[in-house]
Amino acid sequence: MTKQRQIILDCIRENCCRHLSAIEIFDLVRAEHKISLATVYNSLNYLVDNGHILRVQIAGEPDRFDGNLHAHHHAICDVCGSVIDVNVPGIIASVEDNYGVKVTNFSLNLHCICKNCQNTNAR
Ligand SMILES: [Zn+2]
Ligand SMILES: [Zn+2]
(Lines give C-alpha, C1' and ligand atoms only; values in the text may rest on other atoms or scores of the structure.)
(Ligands and ions follow the chains in the order given, each with its own letter.)
Protein backbone atom coordinates (compact mmCIF):
# COMPACT_ATOMS: atom_id res chain seq x y z
CA MET A 1 0.00 0.00 0.00
CA THR A 2 1.30 3.49 -0.78
CA LYS A 3 2.21 5.83 2.07
CA GLN A 4 -0.67 8.17 1.27
CA ARG A 5 -3.22 5.36 1.34
CA GLN A 6 -1.83 4.23 4.68
CA ILE A 7 -2.08 7.76 6.09
CA ILE A 8 -5.72 7.99 5.02
CA LEU A 9 -6.50 4.55 6.42
CA ASP A 10 -4.89 5.52 9.75
CA CYS A 11 -6.92 8.74 9.82
CA ILE A 12 -10.19 6.85 9.29
CA ARG A 13 -9.33 4.26 11.94
CA GLU A 14 -8.40 6.95 14.47
CA ASN A 15 -11.71 8.71 13.87
CA CYS A 16 -13.69 5.52 13.42
CA CYS A 17 -16.83 6.52 15.31
CA ARG A 18 -17.13 9.82 13.42
CA HIS A 19 -17.76 8.38 9.95
CA LEU A 20 -15.83 11.10 8.16
CA SER A 21 -16.64 12.38 4.69
CA ALA A 22 -13.93 12.69 2.02
CA ILE A 23 -13.68 16.44 2.63
CA GLU A 24 -13.29 15.96 6.38
CA ILE A 25 -10.58 13.35 5.81
CA PHE A 26 -8.85 15.72 3.38
CA ASP A 27 -8.86 18.53 5.95
CA LEU A 28 -7.47 16.29 8.70
CA VAL A 29 -4.73 14.73 6.56
CA ARG A 30 -3.81 18.00 4.87
CA ALA A 31 -3.02 19.54 8.25
CA GLU A 32 0.01 17.27 8.52
CA HIS A 33 0.79 15.98 5.03
CA LYS A 34 1.00 17.32 1.53
CA ILE A 35 -1.91 15.71 -0.29
CA SER A 36 -4.47 16.61 -2.95
CA LEU A 37 -8.22 16.08 -2.78
CA ALA A 38 -7.98 13.89 -5.91
CA THR A 39 -5.51 11.62 -4.10
CA VAL A 40 -7.89 11.39 -1.15
CA TYR A 41 -10.77 10.33 -3.43
CA ASN A 42 -8.60 7.83 -5.31
CA SER A 43 -7.25 6.37 -2.09
CA LEU A 44 -10.74 6.06 -0.58
CA ASN A 45 -11.94 4.16 -3.66
CA TYR A 46 -8.95 1.85 -3.40
CA LEU A 47 -9.49 1.25 0.33
CA VAL A 48 -13.20 0.52 -0.16
CA ASP A 49 -12.56 -1.79 -3.15
CA ASN A 50 -9.98 -3.74 -1.16
CA GLY A 51 -12.13 -4.14 1.92
CA HIS A 52 -10.11 -1.96 4.29
CA ILE A 53 -12.98 0.43 4.98
CA LEU A 54 -16.72 0.69 4.32
CA ARG A 55 -18.50 3.35 2.31
CA VAL A 56 -21.65 4.59 4.03
CA GLN A 57 -24.11 6.06 1.56
CA ILE A 58 -26.66 8.50 2.92
CA ALA A 59 -29.36 9.96 0.69
CA GLY A 60 -28.74 13.66 0.05
CA GLU A 61 -25.37 13.69 1.82
CA PRO A 62 -21.77 13.02 0.83
CA ASP A 63 -20.56 9.45 1.37
CA ARG A 64 -18.99 8.74 4.76
CA PHE A 65 -16.14 6.31 5.38
CA ASP A 66 -16.10 3.77 8.17
CA GLY A 67 -13.18 1.82 9.64
CA ASN A 68 -15.53 -0.47 11.56
CA LEU A 69 -15.72 -3.61 9.43
CA HIS A 70 -17.97 -5.58 11.76
CA ALA A 71 -21.54 -6.07 10.56
CA HIS A 72 -23.46 -3.10 11.86
CA HIS A 73 -26.08 -0.56 10.94
CA HIS A 74 -26.13 3.20 11.12
CA ALA A 75 -28.39 5.70 12.79
CA ILE A 76 -28.11 9.17 11.29
CA CYS A 77 -29.09 12.21 13.32
CA ASP A 78 -31.53 14.40 11.41
CA VAL A 79 -30.37 17.46 13.32
CA CYS A 80 -26.55 17.39 13.35
CA GLY A 81 -25.89 14.70 10.73
CA SER A 82 -23.72 12.56 12.98
CA VAL A 83 -23.60 8.86 12.12
CA ILE A 84 -23.82 6.39 14.99
CA ASP A 85 -22.98 2.68 14.83
CA VAL A 86 -25.89 0.56 15.98
CA ASN A 87 -26.53 -3.14 16.21
CA VAL A 88 -29.93 -4.64 15.56
CA PRO A 89 -29.41 -8.20 16.74
CA GLY A 90 -31.27 -10.89 14.85
CA ILE A 91 -32.46 -8.78 11.94
CA ILE A 92 -30.75 -10.92 9.28
CA ALA A 93 -31.94 -14.21 10.80
CA SER A 94 -35.42 -12.80 11.17
CA VAL A 95 -35.63 -11.71 7.53
CA GLU A 96 -34.23 -15.06 6.34
CA ASP A 97 -36.70 -17.01 8.48
CA ASN A 98 -39.73 -14.95 7.60
CA TYR A 99 -39.14 -14.47 3.88
CA GLY A 100 -37.08 -17.53 2.95
CA VAL A 101 -34.30 -15.44 1.39
CA LYS A 102 -30.55 -15.67 1.94
CA VAL A 103 -29.19 -12.27 2.90
CA THR A 104 -25.85 -11.62 1.21
CA ASN A 105 -25.26 -8.01 2.14
CA PHE A 106 -27.13 -5.14 3.67
CA SER A 107 -27.13 -1.46 4.25
CA LEU A 108 -29.64 -0.13 6.73
CA ASN A 109 -29.76 3.50 7.73
CA LEU A 110 -32.01 4.52 10.58
CA HIS A 111 -32.83 8.17 11.08
CA CYS A 112 -32.83 9.53 14.58
CA ILE A 113 -32.25 12.52 16.81
CA CYS A 114 -29.03 11.77 18.66
CA LYS A 115 -28.59 12.06 22.42
CA ASN A 116 -26.69 15.34 22.13
CA CYS A 117 -29.39 16.97 20.03
CA GLN A 118 -32.16 15.69 22.32
CA ASN A 119 -30.36 17.28 25.27
CA THR A 120 -29.89 20.55 23.39
CA ASN A 121 -33.61 20.72 22.60
CA ALA A 122 -34.60 19.97 26.17
CA ARG A 123 -32.67 22.92 27.54
ZN1 LIG B 1 -27.50 15.12 16.57
ZN1 LIG C 1 -20.23 2.49 11.16
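Which three strands form the open sheet with mixed pairing, and in what order do they stand?

Reply: First, a word on what you are looking at. This is a predicted model, in which local features need pLDDT of at least 70 and side-chain atom pairs count only at pLDDT 80 or more, while totals for chains, interfaces and linings use all residues. Residues are numbered from 1 along each chain as its sequence is written, and chains are lettered from A and ligands numbered from 1 in the order in which they are written.

Now to your sheet. The strands stand in the order β5-β4-β6, in an open sheet with mixed pairing. Strands here are DSSP runs of E with at least two residues, helices are runs of H or I with at least four, and both are numbered from the N terminus. Two strands pair if DSSP finds at least two bridges between them. The edges of the sheet are β5 (83–86) and β6 (109–112), each of which pairs on one side only. Ignoring direction, neighbouring strands in this sheet are turned by 30 degrees against each other on average; the axes behind such angles are lines fitted to C-alpha atoms, for helices over the stretch in contact, and angles run from 0 to 180 degrees between N-to-C directions.

Let us follow β4, residues 73–77, to each of its partners. With β6, strand β4 runs parallel, and four bridges join the two. As an example, look at His74, which stands opposite Asn109 in β6. With β5, strand β4 runs antiparallel, again over four bridges. Here you can find Ile76 opposite Val83 in β5.

Apart from neighbours within four places in sequence, Gly81 is in contact with Glu61 and Ile76. Contact means that the C-beta atoms, placed from the backbone, lie within 7 Å. The C-alpha atoms of Gly81 and Ile113 are separated by 9.1 Å, although these residues are 32 apart along the chain.

Ile84 is partly exposed, with 16 other C-beta atoms within 10 Å. Setting aside neighbours within four places in sequence, Ile84 is in contact with His74, Ala75 and Cys114.

Now step back to the rest of the chain. The domain assignment, which is automatic or taken from a database, gives domain 1 (3–66) and domain 2 (73–122). The C-alpha centres of the two domains are 22 Å apart. Seven residues from domain 1 and seven residues from domain 2 make up the contact.

There is another open sheet of three strands, with the order β1-β3-β2 and antiparallel pairing. Its edges are β1 (20–21) and β2 (54–56), each with a single partner strand, so one side of each has no neighbour in the sheet. Three bridges join β2 to β3 (residues 64–66) in the antiparallel sense, and in β3 the bridge partner of Leu54 is Asp66.

Next, two helices. Packed helices are described by the angle between their axes and the distance between the axes. The axes of α1 (residues 3–14) and α3 (residues 37–49) come within 10 Å and cross at roughly 75 degrees. That makes α1 roughly perpendicular to α3, since angles from 65 to 115 degrees count as roughly perpendicular, under 35 as roughly parallel, over 145 as roughly antiparallel and the rest as oblique. Among the residues that meet are Ile8 and Leu9 in α1 and Val40 and Leu44 in α3.

Finally, the chain as a whole has five helices and six strands, running α-β-α-α-β-β-β-β-α-β-α from the N terminus on. Its C-alpha trace spans about 50 × 45 × 25 Å along the principal axes. Of the 123 residues, 18% count as buried.

Definitions and conventions
Two residues are in contact if their C-beta atoms, placed from the backbone, lie within 7 Å. A residue is buried if 20 or more other C-beta atoms lie within 10 Å of its own, exposed if 12 or fewer, and partly exposed in between; C-beta atoms are placed from the backbone.
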